[in-house]
Amino acid sequence: VGYYTLDIFPHFPCIHLINYPPILKRNQLEKILPGKFRFIPERDYFDYIYLRSDLAYLVGKKYQPKRNHINRFRQEYDNYRYTPLTLDIIPQCLELETKWCKENNCSDNEDLLNERRSMTYALQHFEELGIMGGAIWVGGEIVAFTFGAPITHDTFGVHVEKADTDIEGAYAVINQEFAQHIPEQYIYINREEDLGIPGLRKAKLSYHPTILLEKNVAILHHV
C-alpha cells in the first residue's frame with residue numbers, strides 16, 4: 001500500500017513517494033514520465049521497521065541494556081500495571097501529552113505541533129479509526145501511553161508513544177508491553193520516522209530495526 005503526494009513550489013514541483021519499495025516507486029514513476037525526475041532520499045523520514053518478536057521479548061546480547069532498564073523500572077515501580085487504551089482514560093493520556101509537550105517545547109517545533117494535533121484528533125476518535133493502544137500506570141497515574149493501527153495484514157504501525165520523562169524506564173516498558181499485546185498475526189512493527197531529531201534517532205536505532213524503509217522526494221527536471 002502506498003501513495004504519491006504532489007507539492008508545488010515556486011520553482012519546481014516535487015512528489016513525495018511514501019510506503020512503496022524504493023525500486024518499485026521509481027520504476028512506476030519512470031514508466032509514467034520517463035527521465036523526468038531525479039530522486040533524493042529523505043533520511044529524516046525513513047520508517048523504522050522491527051520484528052514484533054524482537055520488541056516483545058528483547059532476546060540476545062544486543063538487547064541486554066534494554067532488559068536492564070526495564071528490570072530497574074519493575075523493581076522501583078513494582079505496582080505498575082498495563083491496561084488497554086479505552087475511552088475513559090483518554091483525558092489522562094492528553095494530560096500526559098500536555099506535560100510532555102511543555103517539556104519538549106512543542107510550540108517551537110512545527111513537526112511536534114502537527115503530531116500533537118493529529119494525536120489529539122486520533123485519541124478523540126479512536127473507536128471510529130480502529131486504533132489499538134495501551135497505557136502504563138504507576139499508582140493512580142498514567143506515566144506512558146501508546147497507540148497505533150494495522151498497516152497491512154502482517155505489519156502494525158505505532159503512531160504515538162509518550163512517557164513521563166521523570167519516570168526512568170517508562171518508554172522502554174510501554175514499548176515492550178505494547179509489542180507483547182499486539183496480536184501475533186503482525187510480524188512487523190513500523191515505528192515510523194525520527195524527523196531528524198538526534199535523540200529520537202538514537203533511541204530508534206538502539207532497538208536494532210530490521211528494515212529502514214527509504215522514502216524519497218522525486219524532483220521534476222526543468223524543461
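Of the 223 residues of the protein, 41% count as buried, a term that stands for under 20% relative accessible area, with exposed meaning over 50% and partly exposed lying in between (1.4 Å probe, protein chains only). The structure is a predicted model, in which local features need pLDDT of at least 70 and side-chain atom pairs count only at pLDDT 80 or more, while totals for chains, interfaces and linings use all residues. Residues are numbered from 1 along each chain as its sequence is written, and side-chain values use heavy atoms, with hydrogens and water left out.

The secondary structure comprises eight helices and eleven strands, taken as DSSP runs (helices H or I, at least four residues; strands E, at least two) and numbered from the N terminus. Among contacts with a separation of 6 or more, 70% are between residues 24 or more positions apart, where contact means heavy atoms within 4.5 Å. The accessible surface of the protein is about 12,200 Å², and carbon and sulfur atoms hold 56% of that surface, as computed by the Shrake-Rupley method with a 1.4 Å probe.

Four aromatic pairs are present in the structure. Rings of Phe, Tyr and Trp (its six-membered ring) pair if their centres lie within 6.5 Å, and planes under 30 degrees apart count as stacked, over 60 as edge-to-face and the rest as tilted. Two of the pairs are set out here.

| Pair | Centre distance | Plane angle | Class |
|---|---|---|---|
| Phenylalanine 73 and tyrosine 77 | 5.0 Å | 45° | tilted |
| Phenylalanine 156 and tyrosine 186 | 5.6 Å | 65° | edge-to-face |

The pair of phenylalanine 156 and tyrosine 186 links distant parts of the chain, 30 residues apart, since phenylalanine 156 belongs to strand S8 and tyrosine 186 to the loop between helix H7 (170-181) and strand S9 (188-190). Phenylalanine 156 is buried at 0% relative accessibility, and tyrosine 186 is buried with a relative accessible area of 9%.

Lysine 162 lies in strand S8 (residues 155-163) and counts as buried because its relative accessibility is 2%. Arginine 81 lies over the face of tryptophan 137, at 4.6 Å from the ring centre.

Definitions and conventions. A charge sits over a ring if NZ of Lys or CZ of Arg is within 6 Å of the ring centre and within 35 degrees of the ring normal.
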